[in-house]
Amino acid sequence: MVTISHSAAEGTLIEGTSRGDGTNEALKALGWRWFRSLGTWGIRGSRDRAPKLHLIESTAAALRAAGFEVQIEIDATARPTAEVEADRIERQAGRVAALENKAQRRADQADQAWEADRRAHDALPEGGEPIHVGHHSQRRHRRAIETAHRTLGQAVAAEEDAKAARRRAESAAVTTSARYNPETVKNRIDSLQASQRADQRLLDGHERTLFVVREQVEKTAPVEGAYRESVIARMEERADQISYWEGIRAEQISSGQATNYGPEDIEKGDQVQRRGQWYRVVRVNRKTVSIPSIVGGGWTDKVAYHELSGHIRAEAQKEPAETFVDVEDARS
């Protein structure tokens, strides 16, 4: 019996297969991957995602056609966002630890390879003595040169492997902090809220004017049936995500990690800081401020309020120690 299962915590997995039973090629062709750590087939990135019903049904049909008995077990219940994030952080910490251990092993192997290379070069005749053709030392001398060349290549390759492993470990180590970067958190909230508004339009129905002059209006009726239920379910899940990330942002603002500027806080002529650079505000907008463009030419760039890390009012300005960009400088 082959079982295809899905849950938020485990993702989409297959149990009941074995080596040489004929399922290998079929599952690979359908996009399944063998998870060595779990000892089973699965769909990558399926944790805490809606089950891919079309893929699951296609896989079940392919396996049944091959003579296997298949059952499907699906639990589409979403986990609370706080639980999902805690699990993600724990798994990422485990991955970082594993990569750091691997990087250390590669570094040790590189040290051993360089030591072998040193010994091989020490075995060569001093002073770059040429090979004496026909002499009894000819074969030994050639072997020493070949060994030195081989060990040098092995040492260089081991060093590159060690550097690559260290880069992967360092990259993995910053993944969680990057995910919780204040700008990223605010961008995520805005994106989730935009998706909520789009889904609400599906539930309510909406209309749009195609040609203003002729006043042609396209009306879209509210979605119904199973699709409506799926939209409601994903909105409920997304609402939990929004609540979680808004809580994270509130904590970041309270602790000073994030700013919370708005159009009521900033006026034209004020100075604002963005990524270490100070700019004079050219215009204040509802969601952004306009600052001189870094390309010059009198152009301006719009910066969202949550991307600002500092603010000095025009009447209190003392030129900051950091490089300051004024609109006149930008034009020149």
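1. Basis. In this predicted model, local features need pLDDT of at least 70 and side-chain atom pairs count only at pLDDT 80 or more, while totals for chains, interfaces and linings use all residues. Numbering starts from 1 along each chain as its sequence is written, and side-chain values use heavy atoms, with hydrogens and water left out.

2. Sheet. The order β3-β4-β2-β1-β5 describes an open sheet of five strands with mixed pairing (strands are DSSP runs of E, at least two residues, and helices runs of H or I, at least four, numbered from the N terminus; two strands pair if DSSP finds at least two bridges between them). The edges are β3 (33-35) and β5 (70-74); each has a single partner strand, so one side of each lacks a neighbour in the sheet. On average, neighbouring strands are turned by 30 degrees against each other, direction ignored.

3. Strand pair. β2 (residues 11-15) and β4 (residues 40-42) pair in the antiparallel sense over two bridges. Ile14 stands opposite Trp41 in β4.

4. Helix on the sheet. Helix α2 (residues 53-65) packs on the sheet and touches β1 (2-7), β2 and β5 (contact means heavy atoms within 4.5 Å). The direction of α2 makes about 165 degrees with that of β5 (axes are lines fitted to C-alpha atoms, for helices over the stretch in contact, and angles run from 0 to 180 degrees between N-to-C directions).

5. Helix pair. The axes of α6 (residues 182-204) and α7 (residues 225-255) come within 9 Å and cross at roughly 155 degrees.
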